Structures are given as structure tokens and as C-alpha cells.
Amino acid sequence: MPVQYPFSAVLGCDTTASGGAGLDDMGLALILTTIVPEIGGVLIRGEKGTAKSTTVRALADVLPPIEVYAADRFSIDPADPSTSSPDGPFDADAETLRRPVRLVELPVGATEDRVLGSLHLERALAEGKVEYEPGLLARAHRGILYVDEVNLLHDHLVDLLLDASAMGRATIERDGVSVEHAARFVLIGTMNPEEGELRPQLLDRFGLTVEVAAPRDPALRAEVVRRRIAYDENPTAFVAKYLAADRALTERIESARQQLAEVRLTGPALLKIAEVCAAFEVDGLRADIVTARAAVAHAAWNERDEVTKADIRRAALLALPHRRRRNPFDAPGLDEALLDQILGDEELPPEPPEGNPDEPTGPSAQGSDLDGGDQPSEPTDSEAGELPGNDAPPTPEGADSPASQGAESVVSAGTPFRPKLLSVRGIGEGAAGRRSRAIATSGRRVGAVPGDSGSLHLVETLKAAAAKQPARGRRRPGERVDVRGEDLRIAQREGREANLVLFCVDASGSMAARKRMMQVKTAVLSLLMDAYRRRDKVGLIAFRGHGAELVLPPTHSVEIAAARLDAMPAGGRTPLAEGLLEATRVLQRERLRDPRLRPLLVVVTDGRATGGPDAVARSRTAADHLAALGVTTVVVDGESGPLRLGLARTLATHLMAEHLPVDQVDAEALTGSVRRHTQNLNGAA
């Protein structure tokens, strides 16, 4: 077993100093959530190579050991009579032992059976017994459940974690197994934001969040490299050097846990926490609860018997940033100047006497309330301008307006909306997602296939074995069925997969001159948000002037795509052929990288082709070449107004694609249009 890098060494500070003054945000957040596991875990965000995983894996070695029953696979606490284990009950004299806290890693590609547990196939086949084999959630009870690249975790696993995190228990009802067991763990996730954001429901379940980055100080960088080289050369000697510091840290964590019972969260302190959360307009009350628990843990860590403003400030900086986001493209963060203004310079007032519970004290005497109701909300900015209902008469095909041939312009998108669902034709076999139909690990059961990994289809397994019983010497009625490995049938399920959504956007002057670009960018931004929710990979191509540019290679980071879209200029002629050819090259390259990732091409254009000689003919040839790939394509028609050339519809015909006017991308607008049309028909009848 490899020697683990020491926790004290990776933190790079004296964690035993008074107040833990040298402790960085990542180290402090991890320690606080182990002192009070009810905080809800830690999410660590940062660029690659910032020791996120190394720090988390080292944490388990400094945690105090736990006591368990020797024969219990579910690690219940012998000192807690309210808990029970599927391996129990245990007698009062049952053997117990003390063991280190487990750090259980959940791979992003794990199956549901591996996480929850399932039927023990070997026992079922060899002995005819129905026995439950515990999964990762059972192993993580009273320990740490670590998910690296948690933002890439499949949706069905996210749902399992949400259920277990909310209930503190895991329930398994499948394959003839009915088991319920405790599943309380510290959830720690690490992620690189460049690879995509985290699903909002899971993001809110993390109590604390920290942002990490590599140090810019050359001396600190050199010290990090020096320690790593020393560890690689002689791990045993390196760990021995930090053994005393790790042991001191373990003792301090144990002391802080015992100190918790002595820490007082006074009424004024709780009111100040509520004021902070209300002022930052966080959703729900989970932020208040987590901040209060983190403040108490911080006070215990610093050996105080009462929560102070310093505890509240540090807790708020860890608990609130990720709860202030209003959409997936908002960057997490907290205005520290505003936080200090809310906290004020004065110390917290003392707890009011128990005999006067109704007497107002502190900020409540001035009439402030928990939801900030006395403070008028800031008015939202109105739209810069409404979209024109009609375009000017269209210019002839192959010609842009004079303005379009001049300077470039940059237009921002409007308020995004819920778009119409666009999906890939047929049934795929890609990674789990929420867009197109696919054979998946979860969903409705549609058949069975031979195999030995996955959810067992018991009926089909028995049917496969039944036909072979005479050849196996089972001829008399009532004999046990001889089931062998070759008979196993795994359930085949139909669910949803993620796709590559490649946007090919016309950024020429014909779009900017008619003020269509805001409408187009709003539609694309809405589709990007939809891709984020459906766990898709996205890419962005823009064509204008004399060529096409891959503005963003395919990535899981929808945030970066939104930023590139917002900064994308418009102007010049329309090199439609170059845009389609660039899309062809990108799709061919991505097909070689991942054949299972099915693409959805979204071409946003008015259909004009004015760039270069024979622009129209070259565009039709490029469209035919792209159509030969067999990629599901949607042409979003940017043309509007009563007078239209219909060139985008012609392009859709060549691409064998769906034609979708830009004003019909909005699902609500489309539904309203259908409703009005139906009402008109009923009125005419």
C-alpha cells in the first residue's frame, strides 16, 4: 500500500498554532466539516495541478479513529443505541474494535449497483441464497465519500447522493433484496470549472465551498516542488518528518469535537447570521443553518466557548459564495467589503436575560427582519431595447447592406428563456445525460443481454438456464435449477444520453445590420443553458468576413461558451460555405475521438451566402457534403419580418435538417402560438 502524502505537508502551515492563523481556506473547510459533519461536506473548485485530490486523500489519516463492531460491514456506532445494522443485532458483549476513518472514492463512471450494493451473485448461484452485497455508501458510513471531478458525475448517481445526503440512509429494493442501512458521511468533491459546472441541486448540498489556485509567489512554488521531490525520493522518511504535526492535528480535532458541547450560539449571533444571509439574497434557509454550524465549529476549533463575529465572518466566506448564483453562468464569490459592513465594528451584544424573552435587542430593535423585508429591492434594469417586429425589405441574395461591410459591432444577449427540446434521431449508447434516447444504465427496462456486470434480469436468466437443464442432468421436477455464468442476463434499459451540441453561428453583417444579433444570441444562450442542464458537451463556430473560426473547441464548460458568445462580434460578409466546412471538420474529428458521443449540429443563419466567388454554389456543395455525415442538424432561421427570402429553409433542405425560425426556439412562445392558432380554428368553426 503506497505511503500517503502528509496532510500537514500539503497545507504548508502550522495548523497547531493558536487560532490556526496559517490555515488556508481549503484546509479550514475540510477540518470544520470533520468537526461537525452535519455541515454537509466541502466542494473544492480549482484549476488542475493545485493539490485538490492530494489534500483530500491525506485528510483521512489525521481524523480520530472510530469504534465499530468487528462483524459489522456497515460500521454503526456501538455507543449509539438508536442505530441498527443489517448485520445485527449485536449483543452487549459483541467484539468491537477501533479502526481508521475510511475515505471511499466514488468513480464518476460507477454503476448504480456499485454505489447502492446489489444481490451477491456468487452466493445466489452457488448456494441459492439471497444475500446483499454492500455498496460504496455502506462503506462510507461515518467516513468520507470523495468524488473527484464531481461535476462530471452522471445524473442517476447525483440523484442517489442527493437522496442519501438528505435522509442519512440508503434504501435498496431490487433483485429480491430489501435492505435499509445508515449512510451518513462527509461528502467531499473536487472539480475543475473549465470542464463544466455542477448540477445546482447537488451544488446546494455541499455545505462549504472553496476556490483554490496555484501560488504566484516564486518562493512558495519552489517550496511546493521541493517537498514533492523529497516525498518521491523517500516517502517513508518524508512522512516521518511530519508525523508529529499530523498527530497534533488529530488531537486538536478530537479536542474541538469535545469542545462543541460548550460552545454557545447566542441569539444576537444567530440574528447576525440571518442578517448576513438575507443581505446576500441566498435562496432558502440551508445557508443560514450551514453558516451557523460552521461558525460553531470554528469557535470550537479556536477553543472559544461562544460564537463571535470572527467565527461568523469565516463561516460566511465558506458557506455563502456558491449559494448566491442565480444562473449557471454566474461566477461564485462574495463581496467581503459588504460582509464587513453588515457585520459592523461593534461586538455582538450579550444574550438577553431569560426573564425578558420579548424585549427586543440588537438589530431587531430597529425593525430589521430575517428576509430583509424593510430594505427595498433594487429595481431590475429594463431591456436596452425591444426587438423589432419587422425587418426592412430584404437585400437581394448575395449582397449585404452597406453598413454590414463596415465596422464590426458587439451585441449582448437578452434574457434567456426555456428553449424547445432538440434531440438526436435514433437510439444511442453514449454517456448518461438528459437529451436523446439511449441504451443506458438507468431507465425503463426494454430487454436483456448476456453479461456479468450490471443489474441482473432474473426472469431472463432463469429462462436461459431452463432450456439447458436436461443437458445438465436436471430432469426431475422440484430439483434446484442449475444456473451457470453463461446463463446470466443483464437488464437492458432505455434512458437518456448527453450529446455534443455544436453551434455554427452566422456573425455576418446581414445579421447585425437588421439588429437580429441580440435575438440570435439570446436563442443560442438559451440553448447553451439547456445544454448545461442536460450534461451536454458544447462547441461554437462563428463565420463572418472571409472565413470561419472555431471560437470554442468542444468542451463541458458551458460557462466559457457563454462568455465567448457574448464577446463574439458581428460584421462583414457571409462566408456560409466556410462555416459549414469548418463544422464538417470538427464533427469528423470528434467522431474519431469518441464514436459513442452523438452530435447535434445547430446552424444559426439567415441563409445568405456572400463571401468569396461563387458563394451560393460553394455553400450548396458544402451543405451536401455535411449532410453526407448523417448528423442530426437544426437550422435556426435568423430571418424575420413579413418579407423573407426563405434561404435558410433552402439550406435546411440541402442539409436534410429541421428548419426552425428563431422566434420558435422559445418553447413558451411556440406553445402560445399553437394555443392561439387552435382558438382561432375553434372560433371559425
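Biologist: In which helix is Leu202 found?

Modeller: Please keep in mind that this is a predicted model. Leu202 is found in helix H8, which covers residues 200-205.

Biologist: Is Leu202 buried or exposed?

Modeller: Leu202 counts as buried, because its relative accessibility is 1%, and the cut-off for buried is under 20%.

Biologist: Which residues does Leu202 touch, leaving out those up to four places away in sequence?

Modeller: Leu202 touches Val150, Val158, Leu162 and Leu187. Val150 is 52 residues from Leu202 in sequence, and their C-alpha atoms are 9.5 Å apart.

Biologist: Let us turn to the sheet. What is the order of the strands in the open sheet of six?

Modeller: The order is E18-E17-E16-E20-E21-E22, and the pairing is mixed. Strand E18 (547-555) and strand E22 (658-661) are the edge strands, each pairing on one side only. From one strand to the next, the twist averages 15°.

Biologist: Which helices pack on the sheet or lie across its strands?

Modeller: Helix H19 (residues 558-567) packs on the sheet and touches strand E17 (537-544) and E18. The direction of H19 makes about 15° with that of E17. H20 lies across strand E16 (500-506), E17, E18 and strand E20 (599-605), and runs at about 30° to E18.

Biologist: How many residues of E21 are buried?

Modeller: Six of the six residues of E21 are buried, so the strand is largely enclosed by the rest of the structure. Thr632, Val634 and Val636 point one way from E21, whereas Thr633, Val635 and Asp637 point the other way.

Biologist: How many bridges join E21 to E22, and how many pair E20 with E21?

Modeller: Strand E21 (residues 632-637) is joined to E22 by four bridges, and these two strands run parallel. E20 and E21 also pair in the parallel sense, over six bridges. Val635 stands opposite His659 in E22, and Val603 stands opposite Val635 in E21.

Biologist: Now to charged pairs. How many salt bridges does the structure hold?

Modeller: It holds 31 salt bridges. One of them links Glu578 with Arg618, with the closest N and O atoms 2.3 Å apart. That pair links distant parts of the chain, 40 residues apart: Glu578 is in helix H20 (residues 576-593) and Arg618 in helix H21 (residues 615-627). Arg618 is partly exposed, with a relative accessible area of 30%.

Biologist: What separates Glu582 and Arg585 in helix H20?

Modeller: About one helical turn separates them, because Glu582 and Arg585 are three residues apart in helix H20. They form a salt bridge whose closest N and O atoms are 2.9 Å apart.

Biologist: Why would residues at such a spacing point the same way?

Modeller: An α-helix has 3.6 residues a turn, so residues three or four places apart point the same way. As for burial, Glu582 is buried, with a relative accessible area of 13%, while Arg585 counts as partly exposed at 44% relative accessibility.

Biologist: Which residues do salt bridges with shared partners join into one network?

Modeller: Arg435, Asp530, Arg534 and Asp536 are joined into one network. Elsewhere, the side chains of Asp606 and Arg608 meet in a salt bridge at 2.8 Å, N to O, and both residues are buried.

Biologist: What covers the buried residues of H14?

Modeller: The cover includes helix H2 (25-35), strand E11 (208-212), helix H12 (267-279), helix H13 (286-301) and helix H15 (336-343). Among the buried residues of helix H14 (residues 309-319) are Ile312, Ala315 and Leu318.

Biologist: Where is Glu303, and what is its phi?

Modeller: Glu303 is in the loop between H13 and H14. Its phi is near 60°, a positive value in a residue other than glycine. Glu303 counts as exposed, at 62% relative accessibility.

Biologist: Lastly, which residues form a nonpolar patch on the surface?

Modeller: Leu458, Leu462 and Val481 form that patch, with about 250 Å² of accessible area together. Val481 is found in the loop between helix H16 (458-466) and strand E15 (489-497), and is partly exposed, with a relative accessible area of 41%.

Conventions:
Residues are numbered from 1 along each chain as its sequence is written. This is a predicted model: local features need pLDDT of at least 70, side-chain atom pairs count only at pLDDT 80 or more; totals for chains, interfaces and linings use all residues. Side-chain values use heavy atoms; hydrogens and water are left out. Patches are made of residues with over 30% relative accessible area and no salt bridge: like charges are joined within 9 Å, nonpolar side chains (Val, Leu, Ile, Met, Phe, Trp, Tyr) within 5 Å. Accessible areas come from the Shrake-Rupley method with a 1.4 Å probe; for residues, only the protein chains shown count as cover. A salt bridge is a side-chain nitrogen of Lys or Arg within 4 Å of a carboxyl oxygen of Asp or Glu. Buried means under 20% relative accessible area, exposed over 50%, partly exposed in between (1.4 Å probe, protein chains only). Contact means heavy atoms within 4.5 Å. Two strands pair if DSSP finds at least two bridges between them. Axes are lines fitted to C-alpha atoms, for helices over the stretch in contact, and angles run from 0 to 180 degrees between N-to-C directions.
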